[in-house]
Amino acid sequence: MPTPILMPALSPTMEQGKLAKWLKKEGDKVASGDAIAEIETDKATMEVEAVDEGTIGKIMVAEGTEGVAVNTPIALLLGEGEDAAALKSYGAEPPQPAPAKAAQASEPVQVAKVNGAPAAAPQSNGHNGHDGGRVFASPLARRIAKDAGLDLAAVKGTGPHGRIVKHDVEEAKATGSAKPAAAAAPTQNGGALVPSRLAAAIPDDQIIAMYEKGTYELRPLDNMRKTIATRLTQATQTIPHFRLFVECEIDTLLEARQRINMRSPKDGQPGAFKVSVNDFIVKALGLALQRVPDANATFTERGILLHKASDVGVAVAVEGGLFTPVIRGVERKSLADISNEVKDLAERARKRRLAPHEYQGGTTAVSNLGMFGVDNFDAVINPPHATILAVGRGEKRPVVKGNQIVIATTMGCTLSCDHRVVDGALGARLLQAFKGYIEEPVTMLA
């Protein structure tokens, strides 16, 4: 039987992507490691490599197709001795470009690699679409069942390996053989109560009906904006945020920055750098996490992950959204190293040329809107981080020192904390350590 090549999961959170380009055509022979297609996600465009050798028997998703769900067959690979006649026995329905929940990346069978790294893609090895409690169904079948309120677990699959396909759901709907899906009840998961249902958003039709036709332009969501919407909704619904605010005096830091940059080789020469205020902020936050290690953490249901290194994400605005590339091991790097790395990652982020490992993970992040004239703001935590630091502009303001009012350059900083990991006192200690490094920048160089 032909082997399906599935849409790979390029990251743990990827649910769908765009098949940007086919690098092979039907009838082409491929060997393990050959690049066969380019997949575009909200973050980057990456090549997919074949794991098995064979012949491309059928391309099931055309170039330029958006919204292809992870684990959807995109092509069929014919093995040795198989010809086009074997394709008729496969019987898979064409994939539908509809948003669908991606299966867990830990499920078995890998059918594609991404840039040389295996991309997990589950395939059912059971029957009737069920295996160990999991239900294997096409994205279209899942959507039809959801709209009809049917329980997929009660539907018999007739697709490849017992996969539930569109025909199975429509037949179950017509005959009434599948029972209605039950509303999920609150369950205990690692001691944490999981709510059965969150408040539903206002349907699109109702929103659009509020506005007169011709008074607006409908701009479709691209993959980046869809992912941002999903991730931030997840963050605000599942992470209990609280915020701490502090003002830092930065006159000494500004003087130190000027003196450090004066020591840089000229532009174009080896070792040249230009340190920014944001580079100091990244370094100070990384060092503060080392001083307050309990805040250098990530919440999971199995326990709190206490990280050894300070891996700090830096929010970079790009057209249509933002990236948060991660600077690894900030505590070990010089300000010049941090500066050059941030510039490189930001430049490649704007071109959407970052690899997944360059923007995934990390323990905290910095979001700086000071250059836009913002005094202070609250930032939403980016899972799996436990904190994020929102930085406003530096501005000369009157401050009280002793019994006198003097003018100093101050910068507002707001730390958003995940209360499951970072309690109030712990967050305050982290912010105080950060403030100490910012106001005495020489201590960053010790």
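Colleague: How many helices and strands are in the chain?
Modeller: Nine helices and 24 strands. Bear in mind that this is a predicted model.

Colleague: What's the mean pLDDT of the chain?
Modeller: It is 83. Of the residues, 83% reach 70 or more.

Colleague: Where does pLDDT stay under 50?
Modeller: One such stretch is residues 118–127. The model gives that stretch 39 contacts beyond four places in sequence. Residues 183–196 are also below 50. There the model has 14 contacts beyond near neighbours in sequence. Where pLDDT is low, the predicted coordinates should not be read in detail.

Colleague: OK. What share of the 446 residues is buried?
Modeller: Buried residues make up 45%.

Colleague: What about contacts between residues 24 or more positions apart?
Modeller: They account for 62% of the contacts with a separation of 6 or more.

Colleague: Let's do sheets. Which strands form the four-stranded open sheet, and in what order?
Modeller: The order is β1-β8-β6-β3, and the pairing is antiparallel. The edge strands are β1 and β3, which covers residues 29–30. Each of those two pairs on one side only.

Colleague: Is β8 mostly covered or mostly open?
Modeller: Mostly covered. Strand β8 spans residues 73–78, and six of its six residues are buried.

Colleague: How many bridges join β1 to β8?
Modeller: Four, with the strands running antiparallel. Strand β1 is residues 3–6. In that pairing, I5 has A75 of β8 as its bridge partner.

Colleague: And what joins β6 to β8?
Modeller: Four bridges, again antiparallel. Strand β6 runs over residues 54–59. T55 stands opposite L78 in β8.

Colleague: Which residue of β6 is the bridge partner of K29?
Modeller: T55. Two bridges join β3 to β6, and these strands run antiparallel.

Colleague: What about the six-stranded sheet: what's the order?
Modeller: β15-β24-β23-β22-β18-β21. That sheet is open, with mixed pairing. Its edge strands are β15 (241–249) and β21 (326–327), each pairing on one side only.

Colleague: How many bridges pair β15 and β24?
Modeller: Nine, in the antiparallel sense. Strand β24 is residues 404–418. For a landmark, C248 stands opposite M411 in β24.

Colleague: Switching to charges. How many salt bridges are there?
Modeller: The count comes to 14. Side chains of opposite charge can pair when their charged atoms come close.

Colleague: Which residues are linked in a network?
Modeller: D375, R393, E395 and R397. One of its links is R397 with E395, where the closest N and O atoms are 3.2 Å apart. R397 counts as buried, at 18% relative accessibility. E395 is partly exposed, at 28%.

Colleague: Where do K435 and E439 sit relative to each other?
Modeller: Both are in helix α9, residues 424–439. They are four residues apart, so about one helical turn separates them.

Colleague: Is K435 buried or exposed?
Modeller: K435 is buried, with a relative accessible area of 16%. E439 is partly exposed, at 22%.

Colleague: Last topic, the surface. Which residues form the nonpolar patch there?
Modeller: I202, I207, I208, M210, Y211, Y216 and L218. Together they have about 720 Å² of accessible area.

Colleague: Where does M210 lie?
Modeller: In the loop between α4 (204–209) and α5 (223–238).

Colleague: Why does M210 count as exposed?
Modeller: Because its relative accessible area is 56%, and exposed means over 50%.

Note on methods:
Residues numbered from 1 in each chain as written. Predicted model: local features only at pLDDT ≥ 70, side-chain atom pairs only at ≥ 80, totals over all residues. Heavy atoms only, no water. pLDDT = per-residue confidence, 0-100. Contact = heavy atoms within 4.5 Å. Patch = residues over 30% accessible without salt bridge, like charges linked within 9 Å, V, L, I, M, F, W, Y side chains within 5 Å. Areas by Shrake-Rupley, 256 points an atom, 1.4 Å probe, with all protein chains shown as cover. Salt bridge = Lys/Arg side-chain N within 4 Å of Asp/Glu carboxyl O. Buried < 20%, exposed > 50% of the residue type's maximum accessible area, 1.4 Å probe, protein only. Pairing = 2+ DSSP bridges.
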